[in-house]
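Have the model open while you read.

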Amino acid sequence: MSEVFAETITKSQQLVGSEQELRAAIDRELASAALDELVVMGGHFMLFEEEGTGKLVPGVMEEQSSATMRHRIAGRVGIFPKYTWQLSVDLITSYAQLVNDAKLLLLINDWQYVPTGGRPASQLRAEFFEGFTALPDGYQQVLRDAGLNADSVLPSRKHALAFPETWLKYRFQKAADKFVKQGKLEKRVLESGAKDTEVAFLDEAGNYRTLISCGITGCAGEITEMISEVYLAGYRTIVIFAPGECLSPVRTGVEIALSLYRLTGMVVVIADPGGSGEMSTDEIYSKLVTVSTFRS
């Protein structure tokens, strides 16, 4: 495989046990960044099928009027979406005097819990994003309380308020074909007897990190494209609040983005405060939160 410039990327990791420690850790990592601009990804949610209507709705527990929906979402992600949205707004507000341009980034998981029966998933997604002209009420209230509005949200080239994961998946699948031809990614035939293939990244330690398997792009590929999009939009510093179960692929996606796209001068800080059904901050921090930083 050709050189992927991994030697220019530095990585660090620490554990924190409280929200105060989390903020202090992020502040320390950002202190050495050239903070002309800042993007903070928070409020990440999945789409769930609403009972009775069959429509897709944001998987934010506090937004649900149905006890059944609240229970489903609470058991899956807990307070993570609303909590990390608050963390994100607090963060960009605290840096308002230091940063010329601070934006929020809302990543939406629009595939994992989208029904596969009945109407096509693509149609359900299209209807959701067409109607997604305003943030969830609770998110808007957090912005108002901070003296902000939806103008603080970084638009993607796909949607004015969000970065849809399916869009990022498709983008990465197209990019991966190019990188395979360039020798920066490897495409291998799996031993399944069905000629299934996977596309993998060979890191500096000689380990294969699978990005696409049997045509399915994992979280790492989505994050790779998201980081690339942030870079193309002119931003070099990003803080990501990711679900704990996604921490490993998110870190992989960041490292691959910086390497494959040669995104120099970036600082990416990743933290994983909950996302697996935790219902309180005490529960989140009792498990400890990982803070990972990548610099290119």
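A search of the whole structure turns up 7 aromatic pairs. To count as a pair, rings of Phe, Tyr and Trp (its six-membered ring) need centres within 6.5 Å; planes under 30 degrees apart make the pair stacked, over 60 edge-to-face, and the rest tilted. Keep in mind that this is a predicted model, where local features need pLDDT of at least 70 and side-chain atom pairs count only at pLDDT 80 or more, while totals for chains, interfaces and linings use all residues. Residues are numbered from 1 along each chain as its sequence is written, and side-chain values use heavy atoms, with hydrogens and water left out.

| Pair | Distance between ring centres | Angle between planes |
|---|---|---|
| F48 and Y113 | 5.1 Å | 10° |
| W85 and Y139 | 4.6 Å | 15° |

Start with F48 and Y113, which link distant parts of the chain, 65 residues apart. F48 is in strand 3 (residues 45-49), and Y113 is in the loop between strand 6 (107-109) and helix 4 (121-131). Helices (H or I, at least four residues) and strands (E, at least two) are DSSP runs, numbered from the N terminus. Are these two residues buried or partly exposed? F48 has 3% relative accessibility, so it counts as buried, whereas Y113, at 33%, counts as partly exposed. The cut-offs are under 20% relative accessible area for buried and over 50% for exposed, with partly exposed in between (1.4 Å probe, protein chains only).

Now for W85 and Y139. W85 lies in helix 3 (residues 80-94) and Y139 in helix 5 (residues 137-145), so this pair ties together parts 54 residues apart in sequence. W85 is buried at 0% relative accessibility, and Y139 is buried at 0% too. Both belong to a cluster that ring pairs build from F45, W85, F128, F129, F132 and Y139.

Which charged residues sit over rings? The charged end of K169 is over the ring of W111, 4.1 Å from its centre. R236 lies over the face of Y231, at 3.5 Å from the ring centre. This requires NZ of Lys or CZ of Arg within 6 Å of the ring centre and within 35 degrees of the ring normal.

Finally, back to helix 3 and a helix partner. The axes of helix 1 (residues 19-31) and helix 3 come within 12 Å and cross at roughly 45°. In contact (heavy atoms within 4.5 Å), E19, L22, R23, I26 and D27 of helix 1 meet Y83, L87, D90, L91 and S94 of helix 3.

Terms used: Axes are lines fitted to C-alpha atoms, for helices over the stretch in contact, and angles run from 0 to 180 degrees between N-to-C directions.
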